[in-house]
Amino acid sequence: MKTMRTSVGIVGAGPAGLMLGHLLHRAGIDSIIIENRPEDYVIERVRAGVLEQSTVDLMVESGVGSRLQREGMFHDGIYLNVFGKRRRIDMAELTGRRITVYGQNEVVKRLAGWAALLAAPTLIASWYGMNFHHMPELDKPYAYPVLITLTISVCVGLFILLRRAKWL
Ligand SMILES: Cc1cc2nc3c(=O)[nH]c(=O)nc-3n(C[C@H](O)[C@H](O)[C@H](O)COP(=O)(O)OP(=O)(O)OC[C@H]3O[C@@H](n4cnc5c(N)ncnc54)[C@H](O)[C@@H]3O)c2cc1C
């Protein structure tokens, strides 16, 4: 059996699990998310379409909200018909908050995309934190420049791939 070490184990790659993993990563705490359904199911299942302001704020503050800000549809009021008279309730003016129409599967893609992107440098950094007795590359003069270049190249390559697939 393969053994993996992590500080936090998260069960379920729904929006809650993915956001928790993202926030832990930002706080410098590594985590592993375990999901028992296939990727297609997790990404494609259609559920929430309306995000509340606090969810949008959290996504923007934690750096995964740029596409949502570009592509989300913002609703800042509703109309009520009372005895044939149409009245607008301006939520934004009354409360300073609004709701955003944006698919939950898009939220899951953004969070999973960033998790995939950040996994590469995290994995490399964790190798160096393992205190092996013998690390052959430490004797080589160009080991660190090569490693840093490789890490940046992997991150840029992944970013381009994920961007093309519209996961970022
Ligand atoms: C039809 C519908 C419409 C909705 N509309 C809205 C809306 O407009 N706005 C809104 O805010 N919310 C809406 N919701 C609610 C929203 O979808 C949920 O609040 C949200 O999905 C909860 O996220 P979660 O990560 O807690 O759980 P989930 O999204 O359910 O994710 C849990 C994950 O854990 C996995 N899992 C479960 N057990 C295990 C296990 N033992 N091992 C490994 N993995 C496991 C599951 O496969 C799943 O992927 C709607 C829900 C439905 C069903």
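Modeller: Happy to. Let me begin with the contacts: among those between residues at least 6 apart in sequence, 63% join residues at least 24 apart. Please keep in mind that this is a predicted model.

Colleague: Good to know. How many helices and strands does the chain have?

Modeller: There are 7 helices and 7 strands. Starting at the N terminus, the order is β-α-β-α-β-α-α-β-β-β-α-β-α-α. The radius of gyration is 21 Å, well over the 15 Å that the globule rule gives for 168 residues, so the chain is more spread out than a compact globule.

Colleague: What does the C-alpha trace span along its principal axes?

Modeller: About 80 × 35 × 25 Å. As for burial, 15% of the 168 residues in the chain are buried.

Colleague: Which residues have the most contacts inside the largest nonpolar core?

Modeller: Leu-18, Val-108, Leu-111, Ala-112 and Trp-114, in a core of 17 residues. Helix 3 and helix 6 (104-128) are the elements that give two or more residues to this core. Helix 6 gives the most, with 6 residues.

Colleague: And what is Leu-18 in contact with, leaving aside its neighbours within four places in sequence?

Modeller: Its partners are Ala-13, Ile-33, Val-108, Leu-111, Ala-112 and Ala-115. Val-108, Leu-111 and Ala-112 are also on the list of core residues with the most contacts.

Colleague: I was also looking at Met-59. Is that one buried or exposed?

Modeller: Met-59 is buried, because it has 25 other C-beta atoms within 10 Å, and 20 or more is enough to count as buried. Met-59 sits in helix 3, which covers residues 53-61. Not counting residues up to four places away in sequence, Met-59 touches Val-64, Gly-65 and Leu-68.

Colleague: Changing topic to the ligand. Which residues come nearest to it?

Modeller: Of the 17 residues around the ligand, the nearest are Gly-12, Gly-14, Ala-16, Arg-47 and Ala-48. Helix 1 (residues 15-26) gives the most to that shell, with 3 residues.

Colleague: What is the shell made of, by class?

Modeller: It has 8 nonpolar, 6 polar and 3 charged residues.

Colleague: How many bridges join strand 4 to strand 7?

Modeller: There are 3 bridges, and strand 7 covers residues 99-101. Phe-74 has Thr-100 in strand 7 as its bridge partner.

Colleague: What about strand 5 and strand 6, how do they pair?

Modeller: Strand 5 (residues 77-82) and strand 6 pair in the antiparallel sense over 6 bridges. Tyr-79 stands opposite Arg-88 in strand 6. Strand 6 (residues 85-90) is hardly covered, as the count of buried residues among its 6 residues is 0.

Colleague: And what is going on at Phe-83 in that hairpin?

Modeller: The hairpin has 2 residues between the strands, and Phe-83 takes a positive phi near 50° there. Most residues other than glycine have a negative phi. Phe-83 is exposed, with 4 other C-beta atoms within 10 Å.

Colleague: Last one: is Val-156 buried or exposed?

Modeller: Val-156 counts as exposed, because it has 11 C-beta neighbours inside 10 Å. Val-156 belongs to helix 7, and its C-alpha atom is separated by 11 Å from that of Ala-120, 36 residues apart along the chain.

Methods. Residues numbered from 1 in each chain as written. Predicted model: local features only at pLDDT ≥ 70, side-chain atom pairs only at ≥ 80, totals over all residues. Pairing = 2+ DSSP bridges. Helix = DSSP H or I, 4+ residues; strand = E, 2+ residues; numbered from the N terminus. Buried ≥ 20, exposed ≤ 12 C-beta atoms within 10 Å, placed from the backbone. Contact = placed C-beta atoms within 7 Å. Core = buried A, V, L, I, M, F, W, Y, C linked by C-beta atoms within 7 Å. Near = placed C-beta within 6 Å. Nonpolar A, V, L, I, M, F, W, Y, C, P; charged D, E, K, R; others polar. Rg over C-alpha atoms; globule rule 2.2 N^0.38 Å.
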